[in-house]
Number of protein chains: 2
Amino acid sequence: MQVNKTNSEISLKFDDKEFDWKRNESLLHRLENEGVVKLVFPLHDEVKRKHLLRNWALNWHDFTWQPIDEIYSYFGTKIATYFAFLGMYTRWLFFPAVSGLATQLIDFGSLQWLVLPSFFIFVISWAVFFLQFWKRKNSALLARWGINYSFSEYKASCNELDPLRHSLSVQGVEENKFDDAPAEKRRLQRNEWSGVLLRIRNNAIIVLGIICLQLPFELAYAHLYEKTKTEALRYVLTALYLVAIQYYTRIGGKVSVILIKYENNQGEESSADSLIYKVFGLYFMQSYIGLFYHASLYRNILTLRQVLIQRLVVSQVLENLIENSIPYLKYSYKKYRAVHKKKEEKESPSGKSVRLSTRVEKEYLKPSYTASIGEELEDGLFDDFLELALQFGMIMMFACAFPLIFCFAALNNATEIRADALKLLVMLKRPVPRAAATIGAWLNIFQFLIVMAICTNCLLLVCLYDEEGKWRIEPGLAAILIMEHALLLIKFGFSHFVPEEPAWVRANRVRYVAQAQTVCSKQLLRSITKLDSKWE
Amino acid sequence: MQVNKTNSEISLKFDDKEFDWKRNESLLHRLENEGVVKLVFPLHDEVKRKHLLRNWALNWHDFTWQPIDEIYSYFGTKIATYFAFLGMYTRWLFFPAVSGLATQLIDFGSLQWLVLPSFFIFVISWAVFFLQFWKRKNSALLARWGINYSFSEYKASCNELDPLRHSLSVQGVEENKFDDAPAEKRRLQRNEWSGVLLRIRNNAIIVLGIICLQLPFELAYAHLYEKTKTEALRYVLTALYLVAIQYYTRIGGKVSVILIKYENNQGEESSADSLIYKVFGLYFMQSYIGLFYHASLYRNILTLRQVLIQRLVVSQVLENLIENSIPYLKYSYKKYRAVHKKKEEKESPSGKSVRLSTRVEKEYLKPSYTASIGEELEDGLFDDFLELALQFGMIMMFACAFPLIFCFAALNNATEIRADALKLLVMLKRPVPRAAATIGAWLNIFQFLIVMAICTNCLLLVCLYDEEGKWRIEPGLAAILIMEHALLLIKFGFSHFVPEEPAWVRANRVRYVAQAQTVCSKQLLRSITKLDSKWE
């Protein structure tokens, strides 16, 4: 970044404006403040972009193959990881899609009653192994790209340590061991626990909000939808619902962002994870509660199937259409207005830079890759991952109700890869590359969805095989079963609230790494200066 | 270690023997081979030992406080970690002990039916938080002792890498990136998968052995014990059972050790973990199947309580007695024989070293701290941890049947700390210190026992509250519930079989760390030699 390093102010002139560039001030910031520079964003590299367009977005030969290394070098780690995950997910979907097709087409005769349970077991094992192999693939990718976990962890905790270091340097305290500074240790421990309490409070607020506000609303909609007989009224109701739920989700997202600001998350990545969990909670309720209502209301597998197909086709097709058309429409409208404005003004810049200016201008008009919720913390990957997670939840949680759903999902994902690639390469500004070693919070959400799928499919099987309603479950037994499931949730969920490593140990370790790095770099510097002094 | 560094052989003489000390040969090995040195073991440091004896083993003021740092410096990481865990476990046991006592003493009136379920939920949450806080304490201890995780990981994988390095140095191949050596990568991948398959096969053998051989045997014993009416016959039966089961466990342990030798575990620590899982399986069946049988046979909480008290008191008291008296008796017998022998021989060494020789001799006669199973892989900590884990399993899995059991466990553990300390300080040879960053496989076993406890206590509650047998569960429902639990087990268990990080990535990372270390040490060496050359 250009900084004024001279001893005097420099006066700059642009169009009609004139302003001073103060000492030690960043030129870019100054220009941005003055309104000369409107936005700083990375430009597309036309050669590479066209190459990727040909090899990736418009490569119709192999549906799941992607040039991951090229994507990595063009878009950075985070987007490359997303596409690697999407590709692997689509490839792995082949297995349940084929076996789902087989359960529908082949007649197993007297063993027909065994088909659904075995399909269920197969699907759960598939999901477990898929996520495990994804972790392996992820670490293999990181090794190939030369990214080190521990370094990213080190960077993440720098934020946390910065004030500490500052206070140390101000007080001029020199300390080698952390044990010598029990005050620091106590401070870190206090911070950690207040952070944990804050996070628990915020999560409780969100969970209560979802259960007390969203759940009744969703159930009311599902109930009213069933009660109204006229088609016209149903459409009106659905329109009202869609508008209302959109506002509700937006408000929920905003509340989450505000709450997260008060959490002392370590680094931006951790805040983004916190947002993901909270917003996924909202969407989880919104996407599946209607399905659960239908399933429990009818106890009829055929109606549930119909609803599932409707949901999957409508949500996926509509979402893909909206996702891809809205940016294009926005871009076209902006371009039209810009051209119109220019014509009116009749003042084009000097002839030399016309072509370049128009290319940059064109890219400036393109919408950027932003998240629909929490733009401050996340980029467009949030929406794409959310879509994937909701799809995964739907196909897993209702696997037994409709095994063919895996075929739909596989087809949808094959087009999704190309659509997302086109969106990034053609329709949007080139996003700023972001570092992320893993898919982070989404992996935990996928794991959670597998556990949910085990429970929901068991319920579905009970409904399916117990058509006569003979398997009456007594209230006492039901209470104990519910308690068991709640406790299993506690067992596997609560331990996340208490971090395994105390903050002061972590700080200690990070400090050790930092020290080792400074020692190394100092030695390097010394050897360089020695070389220099030899030549003098 | 003393090595002959001169250019000629040295001839040594001891008593009547005479032998040559070859060039570059270790003196100790030579002497051991010649039978002059019988055993190499660390001696007790009398000053420190007496200090520890006073402050730790015979400190009757505070039952759970222990001088962990002194234990660490005297016995090493692994034993200190064990005592830190035992102390924390005993302290934490206070909470469920008090609430267990409260459930028995206080009459809650009309809310009495809520007492057991809430005690159950409290106990499970307690256990979850206890293990989570133990992890924190463990990492805090490691930080205090200056032990770095990654380094121990590095050491563990050295074994794995050694042949690799060797082959590289022989071939004289210089490579910077692992990607350049796809053959090496393929070799590591092949090794990894064959290792996984071998481990699955071995575990399958052990599980089948337990289910097909041990389970019927245990059930037959429990059944016969119920059927026989005469007290005398029962004693005979129990005696037969105890002898048989001991042989069975020994054989199982030996089979496990043999199987483990064919697994390509990475380092000794990993083999020990593998042994722990396998042997714990044997003991798990042996300790609890009788209890399950009683619980399911009588469906009567009072009988189960009686059996629990019997088991806990008998096993803990007897075990403590045996554990402490057998080494003492062995020691006394050996000492008696040695003194007897000396009297007969009437040949004492030269007068000068009489006192020292007798002290060393005395310690030589003490039994060493060995495991009852798999001595090649584990030391006496195995038995101590096994005892703790079996106790934890018993109190957790039958918590609802007998809440007072926590008081017994707390009392037992308070004495256990002192007994174990006395054993290590007085009755045994000073064990060779072993490095271990965590309690390793035992932590996973404790986690597994919590999940088991959730399921067994739910079953117990069903038995307790369903005295009239009205909550009949239909076979279909039962099948689906069993399937659900099996799938949850798959979800949380199977992912352990597939390591998260491919072997070649790990090798790559370890190599990177090793490189960084050599660079650092080379620079250090260079700076030292520079200093040297200045002074020349």
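Helices α4(B) and α13(B) run roughly parallel to each other, because their angle of about 15° falls under 35 degrees. This is a predicted model, and in it the axes of α4 (residues 77-105) and α13 (residues 381-397) of chain B sit 11 Å apart. The crossing of α4(B) past α13(B) is left-handed.

Which residues of α4(B) meet α13(B)? They are B:K78, B:I79, B:Y82 and B:L86, and their partners in α13(B) are B:L381, B:D384, B:F385 and B:L388.

Now for the place where the two chains touch. Chain B puts 45 residues into the contact, and chain A puts in 45 residues as well. On the chain B side, α5 (112-145), α15 (441-465), α16 (475-493) and α17 (503-535) each bring at least two residues. The largest share belongs to α5(B), with 14 residues. By class, that side of chain B holds 27 nonpolar, seven polar and eleven charged residues.

Over in chain A, an unreviewed UniProt entry lists "transmembrane region" for residues 79-102, 114-134, 196-217, 232-249, 275-295, 388-411 and 432-454. Here's how two of those spans look in the model:

| Span in chain A | Helix | Strand | Distance between end C-alpha atoms |
|---|---|---|---|
| residues 114-134 | 100% helix | 0% strand | 30 Å |
| residues 432-454 | 61% helix | 0% strand | 39 Å |

So much for the spans from the record: residues 114-134 of chain A are 100% helix, while residues 432-454 of chain A are 61% helix.

Definitions and conventions: Residues numbered from 1 in each chain as written. Chains lettered and ligands numbered in written order. Predicted model: local features only at pLDDT ≥ 70, side-chain atom pairs only at ≥ 80, totals over all residues. Axes fitted to C-alpha atoms, helices over the stretch in contact; angles between N-to-C directions. Helix = DSSP H or I, 4+ residues; strand = E, 2+ residues; numbered from the N terminus. Parallel < 35°, antiparallel > 145°, perpendicular 65-115°, else oblique. Left-handed = near helix turned anticlockwise from the far one by under 90°. Contact = placed C-beta atoms within 7 Å. Nonpolar A, V, L, I, M, F, W, Y, C, P; charged D, E, K, R; others polar. UniProt positions renumbered as here; feature names shortened; annotations may be inferred.
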